[in-house]
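Here is a brief report on one structure. Look at the sequence and the model, then read on.

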Amino acid sequence: MSRFFDAGSDSDSESTQSDEPERFQQPKLTAAAFAFSDDEEETKRVVRSAKEKRYEELKTYVRNIKNFRKNRDIGSLLTNFEDLWKAFTKAQTVIQKEESGQVPRFYVRCMAEGEDFINSVWEDRNARKNLSKVQSKSLATLRQKLRKYNREEKMAAEIAKFRENPDLPDSDEEEKRAEDSDASDSDDDGASDAEVAPSTGTSKEPSRSREMSKAKDESDSDSDDIDWGSDSDESDYSDDDQDQYPSMRDYFLKKSTDKDDEARKRQKKEERERQRAEERERRRQQEEDDEDEDGDWEKVKKGAPTAKEKLKMFAKDDEVTLNLVNKKYAEISAARGKKGNDRREMIELLHELLTIAEQHNMTPGMIVKIKFGLTAAIFDYNLAIRYAMKPDLWEKVNQRVEDLLDQLLTTPDVIVGENILEENESLEEPPYRVRGCILSVVERLDDEFVKILKNCDAHSNEYFERLRDEHRMVRLIDKAVQLLESRLPKADDAVVELCTTPHEMCRGYLKQVEHIYYKVDKRIFQQAEGEVPADEPTSEQEVDRRCKYIYSNDSTAVLRTRAILYHIYHHALHDHWYEARDLMLMSHLQTNIQNADPVTKIHYNRMMVQLGLCAFRNSQIREAHNALLDIQSSPRVKELLAQGSSQRRDDLTQEQEELNKLREMPYHMHINLELLECVYLVSAMLIEVPYMAAHEFDARRRLISKSFHYQLRNSALKYDLLGPPELMREHVVAASKAMRRGDWRACRDFVIDKTMNAKVWDRFYNGDQPRADKVRAMLTRKIQEETLRTYLFTYSNVYDSVSMVTMSELFELSVGDVHSIVSKMIINAELMASLDEPSQTVVMHRTEPSRLQSMALQLADKLANFVENNERLLEMKQGRDMYYGRGGGGRGFGDRPPFPRGDRVGGGQGGYGRGGGGGGAWGNRRDNRGPPRDQRGPRR
Amino acid sequence: MASRSRKGGDNDSHITHVQIDGLAMMKIIKHCHQDASTPADDAQGVLLGLIMENKLEVTNCFPFPRSIDGVDDDRYQLDMMRLLRPVNVDYLSVGWYQSASSGNYISRQLLESQQQYQESIEESFVIIYDPVKTAAGALSLKAYRLTKQAMELVKDKGYFNFDMLRNLKVGHENMFQELKVVIRNSHLVNALLSELSEVFPETLNLEAMDLGTAPVLQRHLRSIMDCTDEMSQFHQFQKQTVKQQLEKTRYQQRRNVENAARKARGEPPLPDEDFNFKPIQPPRDLEPGVIVGGQMAIYCQQINNFCSQALAKLFLVDSLHQNAPQRPLGQ
């Protein structure tokens, strides 16, 4: 046994490998040895005790685990661990009996090492990132399970014991073995299993040693120095083997001859004990050595940035000059980004440098430069971009930046610019030129701010706390913009390149707009109502001014697109529907948004949604529907608006997920999704239900809104018995059904009731009740109108004539309104009727096709299609080459639409009544949609 | 199944008509009406009878049970026939019956089972009973058997393919041979009936005068429409096939040209067979040509019949209206 460990520590000193992996190998060897011993002893041993069987099973698993750990096959590792636990519970009885409940050491070892391994994998973020989804999942599970298992009282104790001295595992076993043999000795009848136990023990030895040397090789090949390392090991082994031999022979002797000689055995045991003690001693020493080495290592590591001492020295004996400070600064900042650089220290150094510089009244140029460096260093402190900064750190930077900005504002002779090269900097005399971009610093700070917000729970107080900092952020941006504005090129300025470029200005403005655009400014509404004087500046003017500057001065499309999106959003938020729509249409965003980057797309989606909501509030139902259609017809609304992911998606890699996370909007900018869906569904209802009523018998009815139909169908399928609606969707479905019946009151009550108010309608205008009431009133009115239309469509075949007065009473609309609605329907040829003015009635013309008639029409339509297709097929078969590319001519199909697209009954008429002089009285009115008959190619 | 060796008269015209006993017919009707409560599938049963020269006599029948678990249909049939034998009922199966409302009976199953019947019993036939029509006042019983071509077609179970259709010259019009159905009552029954007619005076049967045409027509139209849709699918398939064929020939031509060029250059020609056109999956039922077509033909025929009857009825009613004394409205 000792050989192995000696060798192990040897290799440690040789290579930089820690002894960790060696330890991992250890139990595997025992397991393998077991297997080997089996082979060897096959002839001798016939009976295998229950214990052995169990142990063997356990060891197989342990060995597997070992292997998988090597391969980092987490998935198999998990299953193996589970199997192992199962096997162990099975073996429990045996253990109880044979070893008085002492958990076998190798098992404990396996558990402990498993935990170590899992922890190490867990810690190693980079590696973890590379794991596949399944793997990382099982890693998490395994970690949890293993932890739980190892925390169990008994196990915890065992593991603690094990951890105390993890390196004497087999001694434990040997002890056990000794005990076993003792037991067998005291058992005078010499039970077979007792006999077997020592025999396996002894036979284990040589095979194990062989195994070990093999494993040693393996482990060495893991480390870099294969050749000589293994060689030396080999020699070690041979030596050790020789050393060991006597004892080994003793074993055999004991087994074969003096089985009952207790004295000898005791002696042997003592001898072994002694050996073990020695071994332990040696190992301990070795460990100590290792530790020492480790310590050395760390020292070396730490030794890399040694600027600290130097800096202090510099402060003492030298007179501090500008040049020196500059040099120092360069020195410090040279370490930036280098490996092994202590970032915290760097911040401190710079801080110190700054105080020194201030103490010695350095030029503002120098100070500004150091401040830039300092902020950059603080930003650098957090390496991983996707993790948020710590809030206190942010606070610090915030102060720094504000400080810097203040200084820049008060000392106009310091010029800061990205385009100033390091060698062109002038720090000694005004005008100072310093390299650096205040804008990027502010932008970075803003990004960090957003990240911090996203990092905290949106419903916690912490979020509010953080959100409170926003005004500081805004102030900072304002200052930065002020600075930029103050340095705008003037007409007489000589050095234009040192002034603010329009691009920078645009960026600055955009940052400002970013913080304004999603906020509702009540003054705008009040202004519209005349409560606030029209000349009071509102956020609208601010956004307007900045966006317009960007429109005219931006040379990159990206900023302009963003500006437009924010601008529209802002308009839409404040119910400026027409402005928003015009801006939207003029910008032609829809055409090229496909090519934009994801973040812009997200903003586009947000804008679209806001536009839809605005249209809805302005009773432009159809527009609202169209705006929301694209977003709502996708199942991934949340992703589209970057408001979290709707469900766990396994097809995304971890990186993509991270990226999505990164793009997410902070919570206070979210758009309420339920409100969105409700608005969409209600608009769909207002459009779709009359449409459905009008086209009840159409063969190919167009679906205006798929998701609305889906909801309708869903409710019909899902429940046999419909209770009162509870969810928002159920409310809308119930309302739609009421509307189809023509019961506008029920419809209204479903759409606008307490739950719906709480869930949806009160959320308009941030809960501004009077305005939300206006929306409700609008909605009621729309419901009345559309229900009236639905009613007329559905029941017109029952009436000969309807009094408009009655209708106005039924629907609580004024007679004038009814008149206008009916007129519109008549003009649009939706309703075949005429108005009788004197009696104020609508006289129906019986031109609705009956059910049978409409079916016959449908059939005719279908058959016409069929015939046409058949003809075409025939054509294809006969004149193959002529089929394509033959235009015009008497029999050309090219000028025909591929199908007589009669999505209404009347449309099909065109195909059916060919040359028949029109398609009957009922078909006439609907011909407006179908393809005009005479435009089609002549038939043969 | 009771199969008999028949003297070799396998021409179609051997049987000219079917004679069905009043009792058997009543049993069929009863069974079908009872089963009408479950419209899921049609009521079916076995016809028993004997063959007399050129007519088939159906003297009795029994229904198939609704398939209950653990009851073997064939076994049930045999048992039933064995049990009927001692009570002096004709025990020879001559065919089977099926109920089918408004004519939608032509299906693959029908073809296959009839083919099986005809395979084992040369003369067997199927009676189609239409409960809906009967309820409207006109008893509808139709007897069919498959023609020789149709037998050929169905024989090998697989999908019909076009070559088969072409070679056998099968269309929907010559799939079935309709047999005349004669209903015959024994003298005893006739005597009973005439006696009964004295006890129960004949009531006026007005069901046949039903003027409600729309629902029937609608139903038929809907069925035809479904058939048309099916046909369209078939059409789609045809179109794709033709297109692929076209592509294939083009490819082949190109290949030929290329090969000619290669030959001219003295290179070995390219292998011929690596077309990577996978055959287009034919629609699940490739029967539209025959089965759906036949079905549609039947629908059309039925609509025609129905319309002519309905028109006649309407004219009748019209003339009745004209002859009726004019009454002022509102009374």
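This is a predicted model: local features need pLDDT of at least 70, side-chain atom pairs count only at pLDDT 80 or more; totals for chains, interfaces and linings use all residues.

Which side chains of chain B and chain A meet in a salt bridge? They are B:D229 and A:K862, at 3.1 Å from N to O. A salt bridge here is a side-chain nitrogen of Lys or Arg within 4 Å of a carboxyl oxygen of Asp or Glu.

Residues are numbered from 1 along each chain as its sequence is written, chains are lettered from A and ligands numbered from 1 in the order in which they are written, and side-chain values use heavy atoms, with hydrogens and water left out.

**The interface**

In total, 19 residues of chain B are in contact with 16 residues of chain A. Contact means heavy atoms within 4.5 Å. The buried area is about 1,900 Å², and carbon and sulfur atoms give 75% of that. Buried area is the accessible area (1.4 Å probe) that two parts lose on being put together, summed over both. On the chain B side, helix α8 (residues 214-265) gives the largest share, 18 residues. Helices (H or I, at least four residues) and strands (E, at least two) are DSSP runs, numbered from the N terminus. The chain B side divides into nine nonpolar, five polar and five charged residues. Ala, Val, Leu, Ile, Met, Phe, Trp, Tyr, Cys and Pro count as nonpolar, Asp, Glu, Lys and Arg as charged, and the others, Gly among them, as polar.

**Paired strands**

Two strands pair if DSSP finds at least two bridges between them.

| Strands | Bridges | Facing residues |
|---|---|---|
| β2(B) and β4(B) | five | B:L47 and B:G95 |
| β2(B) and β3(B) | eight | B:I51 and B:L56 |
| β3(A) and β5(A) | three | A:V802 and A:V842 |

The hairpin of β2(B) and β3(B) has two residues between the strands. There, B:E53 takes a positive phi near 45 degrees.

**A sheet in chain A**

Three strands of chain A form an open antiparallel sheet in the order β3-β5-β4. Its edge strands are β3 (801-803) and β4 (833-836). The twist averages 20 degrees from one strand to the next. Axes are lines fitted to C-alpha atoms, for helices over the stretch in contact, and angles run from 0 to 180 degrees between N-to-C directions.

Helix α37 (residues 804-811) of chain A lies across β3, β4 and β5, at about 60 degrees to β3(A). Helix α38 (residues 815-827) of chain A also packs on the sheet, touching β4 and β5. The direction of α38 makes about 145 degrees with that of β4(A).
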